[in-house]
Amino acid sequence: AVSVRVEPYAAGSLHPIKPPTAHRLRQMMKRRPDKDSFQAFGTPHRVVVNGPLGEIAVPVHSFVDVAQPDAETLQVSAKCGGTTRLGKTMWGTTKSYIANAVRGVSQGFRKDLELQGVGFRARIEKADGALYPVETLVLRLGFTNELQLPVPPGIEISCPTQTTIAVFGFRKRQVGMVAAQIRRFRPPDAYKGKGVRYVDEVVRLKPGKRR
């Protein structure tokens with residue numbers, strides 16, 4: 001079962017990503033908003049989704065309002081009523097983020113990759129505390145040394161066969177980033193197609209030189 005709740009941020013949990021410099025702070029104070037204009041943005045809040053696979057907190061933009069009429073329904077609407085470009089954009093983005101969070105904690109996301117090349121192999125080394133302190137993906141991709149990728153927290157990597165890799169997790173962005181990192185170890189060659197590619201990925205090969 002998946003539970004969803006809308007809650008405001010705690011007072012001390014909101015911090016700027018980059019602290020402003022003294023000059024920037026002076027410029028900000030010159031055109032600081034008054035009480036009425038600041039309240040027009042509303043109170044920052046987030047949507048917390050709990051499920052069998054984990055918990056995800058989705059931040060909600062101030063231009064978007066998320067209401068919860070009952071335990072199984074969420075209503076996402078733009079505060080501007082769809083009259084501004086930012087409001088319409090953030091309405092669709094927030095809706096997609098919440099839908100991905102619900103699917104992630106209930107079903108999860110999976111990316112499959114395959115190795116194409118002579119001698120290309122993949123295997124999972126369990127954590128033994130000495131050589132591999134954490135679970136590690138070991139790849140043989142035609143280089144002199146084997147490539148190693150420690151499995152990050154929240155991600156499960158398996159090798160159904162020696163030439164296939166499956167990445168599973170409940171955060172869609174994290175699953176995509178880990179799969180892309182594995183693919184970057186050796187992208188498909190432009191002439192022969194050797195390398196790491198997604199399953200069902202279409203790789204257009206260049207014609208070789210003709211005499």
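Buried means under 20% relative accessible area, exposed means over 50%, and partly exposed is in between, with a 1.4 Å probe and protein chains only.

What we have here is a predicted model: local features need pLDDT of at least 70, side-chain atom pairs count only at pLDDT 80 or more, and totals for chains, interfaces and linings use all residues. Residues are numbered from 1 along each chain as its sequence is written, and side-chain values use heavy atoms, with hydrogens and water left out.

Confidence next. pLDDT is the predictor's confidence in each residue, from 0 to 100. The protein chain averages 87, and 91% of the residues score at least 70. Residues 35–39 fall below 50. In the model, that stretch has one contact beyond near neighbours in sequence, where contact means heavy atoms within 4.5 Å. Where pLDDT is low, the predicted coordinates should not be read in detail.

Helices (H or I, at least four residues) and strands (E, at least two) are DSSP runs, numbered from the N terminus. Two strands pair if DSSP finds at least two bridges between them. Strand S4 covers residues 64–70, and strand S5 covers residues 73–78. They run antiparallel, joined by five bridges. Val64 has Ala78 in S5 as its bridge partner. Ala67 stands opposite Gln75 in S5.

Which residues does Thr94 touch, leaving aside neighbours within four places in sequence? Val60, Val64, Val66 and Val76. Thr94 itself sits in helix H3, residues 85–106. Its relative accessible area is 2%, so Thr94 counts as buried.

On to charges. A salt bridge is a side-chain nitrogen of Lys or Arg within 4 Å of a carboxyl oxygen of Asp or Glu. How many salt bridges does this rule give? Seven. I'll show you some of them.

Start with Arg5 and Glu7. Their closest N and O atoms are 3.1 Å apart. Arg5 is partly exposed, at 36% relative accessible area. Glu7 has 19% relative accessibility, so Glu7 counts as buried. Arg46 joins Arg5 and Glu7 in a network of salt bridges.

Then Arg123 and Glu125. Here the closest N and O atoms are 2.6 Å apart. Arg123 has a relative accessible area of 30%, so it is partly exposed. Glu125 is partly exposed as well, at 23%.

Next, Arg183 and Glu201. This salt bridge is 2.8 Å, N to O. The pair links distant parts of the chain, 18 residues apart. Arg183 is in helix H4, residues 172–184. Glu201 is in the segment after strand S12, which is 195–198.

Last, the surface. Patches are made of residues with over 30% relative accessible area and no salt bridge; like charges are joined within 9 Å, and nonpolar side chains (Val, Leu, Ile, Met, Phe, Trp, Tyr) within 5 Å. Areas come from the Shrake-Rupley method with a 1.4 Å probe, and for residues only the protein chains shown count as cover. Leu25, Met28 and Met29 make a nonpolar patch of about 260 Å². Leu25 lies in helix H1, residues 22–30. With a relative accessible area of 41%, Leu25 is partly exposed.
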